Number of protein chains: 2
Amino acid sequence: MTTATRLSWTDVRDHIRAQILNRTYRPGDKLPRDEDIAKDLGCARSTVQRAMQDLSDAGIVERKRKGGTQVRTDPVTRTTLDIPITRKEVEQRGGIYGYQLLSRAIEDIAPWVSANFALSQPTKMLHVDALHLADQRPYILEDRWISTETAPEILAVDLAINSANEWLVRNKPYTRCDLRFYAIEADRKTASKLAAPVGSALLVIERSTWIDERPITTVRAVTKPGYQLLTQN
Amino acid sequence: MTTATRLSWTDVRDHIRAQILNRTYRPGDKLPRDEDIAKDLGCARSTVQRAMQDLSDAGIVERKRKGGTQVRTDPVTRTTLDIPITRKEVEQRGGIYGYQLLSRAIEDIAPWVSANFALSQPTKMLHVDALHLADQRPYILEDRWISTETAPEILAVDLAINSANEWLVRNKPYTRCDLRFYAIEADRKTASKLAAPVGSALLVIERSTWIDERPITTVRAVTKPGYQLLTQN
DNA sequence: ATCATTAATATGTAGATACATATTATTGTC
DNA sequence: GACAATAATATGTATCTACATATTAATGAT
C-alpha cells in the first residue's frame, strides 16, 4: 500500500491544493502546521515547507511566523508575464523583423517620463523614437527615453542599426521594472507612423527600468491595431 | 575579516546577479558549478541551489542538468501580475464599490468563448453581463460565460446581489488561468453601458480559467476610459 | 488594569548527506 | 565510421538537524 517512490514537494503541493479545491480547507481556514502535515503524509518538514512556499508565491495561501498558514480569503489572479525582445517576438510568430530609427535627440524629459521615474528635477535624457516592423509592416512604435547618466554607453551605439530595445536588454540588466498597460486612441501622428486609422484603439505597454534606484530607461510602446498580449502557461 | 553572519541564499543570489550586472558574466556565459560557487563563497551547495533557482525563475539564467548554468542570451522582461477582485481593487483606491447585473441567461456560447476554451462543439453556458461601479460610475463592464457543467452551483447564486466575479474567485479555485490584453474601440452598446464616448479606446482584460482541463469561466472585462493596469513591485 | 518582559511556537533558513535524473562524453562493438 | 551501451557529471530533490526570527501568549511588576 505504500507508494513506490517517496513524495516530492510538488506532490505535497498538489495534495494541499486539491484539498483547497475540494473545499476541505476553505478561504480563511487555517492549515495544520508543516510538521503535522509532514507526519500525516509521511515526508520531511522541508518537503512541506517547499510546497507551502510555492503555494504562498502563487498567492493561494498566506504564511506568518508563529501565526501558521492560512488559505487566502481574497485570492488574486496572479500570473507571470514574459515580454520578450520585440525582434524575438516577431520571429517567434514566424514574421520577418524590421527596425527603423525615426529620431534621436537629447532633450528635456517629457512629463510622463519624470512621472514614471518620480523625478522632480527637470533633466535631459536621450530620446529615441523608433519603429519595429513585422513583415515590412509597422508592429510596435516605441517612444523611449534613456538616462545618459546611468547608461552613457548608449551614446556610442548606432541606433540606426541596433535598436535601443535590444542593446539595453542585452547590456543593461535592471534590478527593478515597472509595467503599465492601457489603451489610447491613435492621434494623427501616431496613426501615420503605425499606418493605422486615426482614432483606432491601440494597446500601450509602458515599461520603466532601474538599476538600484537609478533610472535606466522608460519606454512607451504603442502596438499596432489588433495587438494582443498573452500570458503563456 | 570574516563576515559576522553566514551567507543567506538572497546574498548569494544578489552576489551572482551583481556579477551579471557588472559584466563579470555576460549573456551566454557559463557560470561555475554550484559546488564551486559554494566553496568560493563559503556556503553550502543547497544555498547556491536556492539562489540559482530564484535567478532561473526570474529568467536571468538557464540551468540544465549536466549542462550547467548559463546566463540567458535573450533576457525577457518577466514580471508578476496580480489581478484582484474588482471590489477589492475599487476599495483599495479609496472608492465606493457598486455592482449591477445587466443580464443573465443560458445561451449558446459566443465564438470567442469557444476559441478561448478550445471547444469544437457548440455548447450552452451561463452568460452574465454585469457592471462594476466605482463611486457610482461605471468602472468595468464584464461579459462572462460560466460552464454550468463545471460550476453548476452558480445557478443557485443570486447574481443580482453577488457578482459572479466574487463568487467564482471564492468558490471555484482554478488550476489554470490564461490572460489576454488588448484595446478596443467602444461600440455604441459598450459605450452606453460604460457611459463613455463612442469610439473611445478601452483596455480589455480577457481571462479564462480551468480546473484540470475543464473550463470554469471566461470573462471579457472592458475597462472604463483611462483605466491602467500596473505591476506592483 | 496597564504595560513591559519573557516564554512558547510556527515558519524561515542554512548545512550536510545521500540519492535521483537528465544530459554529455566515452567506450566498445560491428 | 556508425551506433549502441556505459560512465561521468551537474543539477534536482529529499531528509535530518540545528538554529534564526517573528509573532503570539503568558507572566510579572507597577
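Mentor: Ala, Val, Leu, Ile, Met, Phe, Trp, Tyr, Cys and Pro count as nonpolar, Asp, Glu, Lys and Arg as charged, and the others, Gly among them, as polar. The model is predicted: local features need pLDDT of at least 70 and side-chain atom pairs count only at pLDDT 80 or more, while totals for chains, interfaces and linings use all residues. Residues are numbered from 1 along each chain as its sequence is written, and chains are lettered from A and ligands numbered from 1 in the order in which they are written.

Trainee: How many charged residues are in the surface near DNA strand D?

Mentor: A residue is near a strand if its C-beta atom, placed from the backbone, lies within 6 Å of it. Around DNA strand D there are 25 residues, and the closest include A:Lys66 and B:Arg33. By class they divide into five nonpolar, nine polar and, as charged residues, 11.

Trainee: Which element gives the largest share of the surface near DNA strand D?

Mentor: Helices (H or I, at least four residues) and strands (E, at least two) are DSSP runs, numbered from the N terminus. α3 of chain A and α2 (34–41), α3 and β3 (68–71) of chain B each supply at least two residues. The largest share is four residues, and it comes from α3(B).

Trainee: Which residues come nearest to DNA strand C?

Mentor: DNA strand C has 26 residues around it. Its surface has five nonpolar, nine polar and 12 charged residues. Those that come nearest are A:Arg33, B:Ser8, B:Ala44, B:Thr47 and B:Lys66.

Trainee: Which element of chain A gives the most to the side that touches chain B?

Mentor: Two residues are in contact if their C-beta atoms, placed from the backbone, lie within 7 Å. The contact takes 42 residues from chain A and 42 from chain B. On the chain A side, 24 are nonpolar, eight polar and 10 charged. The element that gives the most, with 10 residues, is β8(A).

Trainee: Which are the edge strands of the open sheet in chain A?

Mentor: The sheet has three strands in the order β1-β3-β2, with antiparallel pairing. Four bridges join β2(A) to β3(A), where A:Val61 stands opposite A:Val71. An edge strand pairs on one side only, as do β1 (30–31) and β2 (61–64).

Trainee: How many residues has the largest nonpolar core?

Mentor: A nonpolar core is a set of buried Ala, Val, Leu, Ile, Met, Phe, Trp, Tyr and Cys residues joined through C-beta atoms within 7 Å. Buried means that 20 or more other C-beta atoms lie within 10 Å of a residue's own, exposed 12 or fewer, and partly exposed in between, with C-beta atoms placed from the backbone. A:Leu203, among those with the most contacts inside the core, touches residues of both chains, including A:Phe181 and B:Phe181. The number of residues in this core is 38.

Note on methods
Pairing = 2+ DSSP bridges. Lists of a residue's contacts leave out its neighbours within four places in sequence.
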